[in-house]
Amino acid sequence: VAGRMKDYEVLGAASRPIPGQPARAPIGVNIAKTHSPDIMGAAAVKDFVASFSRLAPHGDFVVLNVSCPNTAEGKTFEDPQTLAELLAAIKAEKQKVEAESKKA
């Protein structure tokens, strides 16, 4: 992502478009846990990873919305250990997504 973001200014305006490509603003992907009280713990991590895997290739950056007020229970990842598990799983999935994009 950092490589793709280097041509954008802090405010998100395209400062130096890629030669031959139209100028555009960066595209962000915002992921939140599925709105269900049945998806907690390991299931919530799997839910985030599934969304990340499917959506990350379409954006320039991804936001993990770990405290979304639109979910039934509000906060799922307020515990540091649970958050660490989520971030580790997302990091591993990010490596897979990047490896697959290099193959294409």
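This is a predicted model: local features need pLDDT of at least 70, side-chain atom pairs count only at pLDDT 80 or more; totals for chains, interfaces and linings use all residues.
## Overall architecture

The chain holds 3 helices and 2 strands. Read from the N terminus, the order of these elements is α-β-α-β-α. Of the 104 residues in the chain, 26% are buried.

Among contacts with a separation of 6 or more, 58% are between residues 24 or more positions apart.

## The β-α-β unit

Strand β1 covers residues 28–32 and strand β2 covers residues 61–65. The two strands run parallel and are joined by 5 bridges. One of the residues involved is alanine 32, whose bridge partner in β2 is asparagine 65.

Helix α2, residues 41–55, belongs with the two strands to a β-α-β unit. The hand of this unit, made by β1, α2 and β2, is right-handed.

## Helix α3

Helix α3 spans residues 80–103, a run of 24 residues. From first C-alpha to last, the helix reaches 35 Å, which is close to the 34 Å expected at 1.5 Å a residue.

The buried residues of α3 include Thr82, Leu86, Ile90, Glu93 and Val97. The partners against which the buried residues of α3 pack are α2 and β2.

## Threonine 82

Threonine 82 is part of helix α3. Its relative accessible area is 17%, and because the cut-off for buried is under 20%, threonine 82 counts as buried.

The side chain of threonine 82 makes a polar contact of 3.1 Å with the side chain of aspartate 79. When neighbours within four places in sequence are set aside, threonine 82 is in contact with Thr76 and Phe77.

## The aromatic pair

Searching the whole structure gives 1 aromatic pair. Its members are phenylalanine 48 and phenylalanine 77, with ring centres 5.4 Å apart and planes at 80°. Planes over 60 degrees apart count as edge-to-face, so this pair, at 80°, is edge-to-face.

Phenylalanine 48 is located in helix α2, while phenylalanine 77 is in the loop between β2 and α3. The pair therefore ties together parts of the chain that are 29 residues apart in sequence. Both phenylalanine 48 and phenylalanine 77 are buried. Phe77 is also one of the residues in contact with threonine 82.

Key: Residues are numbered from 1 along each chain as its sequence is written. Side-chain values use heavy atoms; hydrogens and water are left out. Two strands pair if DSSP finds at least two bridges between them. Helices (H or I, at least four residues) and strands (E, at least two) are DSSP runs, numbered from the N terminus. A crossover is right-handed if, with the strands pointing away from the viewer, the path from the first strand over the helix to the second runs clockwise. The expected span of a helix is 1.5 Å times one less than its number of residues. Buried means under 20% relative accessible area, exposed over 50%, partly exposed in between (1.4 Å probe, protein chains only). Contact means heavy atoms within 4.5 Å. A polar contact is a pair of N or O atoms within 3.5 Å; within protein, one must be able to donate a hydrogen and the other to accept it, and residues adjacent in sequence count only if both atoms are side-chain atoms. Rings of Phe, Tyr and Trp (its six-membered ring) pair if their centres lie within 6.5 Å; planes under 30 degrees apart count as stacked, over 60 as edge-to-face and the rest as tilted.
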